[in-house]
Amino acid sequence: MIRPLLLLLLFGTGFSTFAQDAVRVLTLEDAVSLAQANNRLVKNAQLSVSMSDDQIAEARTHRFPALNLYALGSELLTPVNFTFQQGVFGTFPGIGPVPPTNTQIHTPLRPTFYALTQFSQPLSQQYKIGLNIKLAKVAKLVDEQKLRAQKQSVTSQVKQAYYAILRTQSALASSEENLRFDRELDRTTEQYVTEKTALKSDSLDVKAKIAQEEYNNLMLRDSFTSQKEQLNDLLGRDIRTDFSVAELPEATIIEANLDAAQAQALSARPELAEARLTVQQAELNRRITKTQYIPDVSLAVNNLSLTNVNLLPSNVAAAGVLVSWDPIDWGRRRHQLASASKTIEQSKNSANETEAQILVEVAAKFRKLGETRALLHATTLQRDAEREKLRVVMNQFEQKTALLKDVLQEKTSLESVTDQYNQASLSFWTAKADFEKSLGEE
């Protein structure tokens, strides 16, 4: 009577019994694509790269002429007086002394206005400006590597969340089949109790098994819902969006070798590229610090305007070369240069350490992947063996040559091994995601 359910229990645990056809199936590739496009942390990293473009454009503007305006509107607190002595400008025939008498020019206490307009074109600063532009470009490359790292991190999180949902979905399907099997077994046991070929305690054992499985089923459903909400959040969409996941193919044999994996990681890992770019930044910073020894030389045109000040001209214009330099710095520039040199050494040490850590990480992930693959193979064989044992015991039970406790014991063994298989499968796919991330794959 329960043979059809037994077959379903043995071979149907990999299929979801709760997914509806109307629910969109979300493949792993679609999930990764959605996360790359909509994840909020990825979007922030993309904005950082876009901001770097603005910073490069801002650095370029310093190459062009500058126009500065300084203005002061004020009220005189003391009068402005000018006294010219008699004949200060000379004595001329027929005219006499100029001025003929002592002359005083008086500016009363009244509002005045002073304005200085300066137009300057940097000359010697062009070298330093060019270095700052290069520094901004390197900073953009660093932001691009951070964007790659963020994408890799999100991809790995999406994969692990997807695998966790698959594992819970498989466990929930198994729980549903277990409930059907236990309920049919309960009906059969009740019949055997009525026929006095089974004990009342046997029936109670089956009912307890049903109650425990119902509790387990409830926990799995709650966990399944929470995991789907977490994945939706990673995808940057409404956490209430319903979907179902697609079954993954069977685990395949690892084809990569460790040397090739490490070489790929060294060429693709964004952390190492970022560390090497940091060395370039430190070297550029040292070159920029060294430019402080160069005086600032600019072509300049100045215009001074005075309003309400007697005697002085209303406008004074001048053009020439403007030089600005601080010749005495008490060793400030020398110490800054020494500090910049040490920063370069720090950056190189960090880059070397990052490279070593990547090699260690890839090796560890490679070995972990091999271990989980071997464990998955072992648990697969154990699960198949337990399925066959349960089939044999069920045949004996139907022929009344085996007791109910033997069926329950063997079923418990199958459930335990099946759970071990699910855990091993999740561990394998999680290890695979970690290994792919260690290679620098996005």
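Glutamate 176 is buried in this predicted model. Its relative accessible area is 13%, under the 20% limit for a buried residue. Arginine 221 is partly exposed, with a relative accessible area of 35%. Elsewhere, salt bridges with shared partners join Asp182, Lys209, Lys411 and Glu415 into one network.

In total, the structure holds 25 salt bridges. Side chains of opposite charge can pair when their charged atoms come close. One of the salt bridges joins the side chains of arginine 40 and aspartate 233, at 3.4 Å from N to O. This pair also links distant parts of the chain. Arginine 40 belongs to helix H3, and aspartate 233 to helix H5 (residues 200–234). The two residues are 193 residues apart. Arginine 40 is partly exposed, with a relative accessible area of 46%. Aspartate 233 is likewise partly exposed, at 41%.

A further salt bridge is formed by the side chains of arginine 24 and aspartate 30, with an N to O distance of 3.7 Å. Arginine 24 is partly exposed, with a relative accessible area of 46%. Aspartate 30 is partly exposed as well, at 31%.

Helix packing was examined next. Two packed helices are described by the angle between their axes and the distance between the axes. Helix H3 spans residues 40–60, and helix H4 spans residues 125–194. The two pack at an angle of about 175°. Their axes are 9 Å apart. Angles over 145 degrees count as roughly antiparallel, and H3 and H4 are therefore roughly antiparallel to each other. By class, the contact of H3 with H4 has 12 nonpolar residues, 6 polar residues and 7 charged residues.

The surface carries a nonpolar patch formed by Leu123, Leu299, Val321, Val323 and Trp325. Together, these residues have about 490 Å² of accessible area. Valine 321, one of the patch members, is found in strand E10, which covers residues 315–324. Valine 321 has a relative accessible area of 57%. The limit for an exposed residue is over 50%, so valine 321 is exposed.

Methods. Residues are numbered from 1 along each chain as its sequence is written. This is a predicted model: local features need pLDDT of at least 70, side-chain atom pairs count only at pLDDT 80 or more; totals for chains, interfaces and linings use all residues. Side-chain values use heavy atoms; hydrogens and water are left out. Axes are lines fitted to C-alpha atoms, for helices over the stretch in contact, and angles run from 0 to 180 degrees between N-to-C directions. Helices (H or I, at least four residues) and strands (E, at least two) are DSSP runs, numbered from the N terminus. Angles under 35 degrees count as roughly parallel, over 145 as roughly antiparallel, 65 to 115 as roughly perpendicular and the rest as oblique. Ala, Val, Leu, Ile, Met, Phe, Trp, Tyr, Cys and Pro count as nonpolar, Asp, Glu, Lys and Arg as charged, and the others, Gly among them, as polar. Patches are made of residues with over 30% relative accessible area and no salt bridge: like charges are joined within 9 Å, nonpolar side chains (Val, Leu, Ile, Met, Phe, Trp, Tyr) within 5 Å. Accessible areas come from the Shrake-Rupley method with a 1.4 Å probe; for residues, only the protein chains shown count as cover. A salt bridge is a side-chain nitrogen of Lys or Arg within 4 Å of a carboxyl oxygen of Asp or Glu. Buried means under 20% relative accessible area, exposed over 50%, partly exposed in between (1.4 Å probe, protein chains only).
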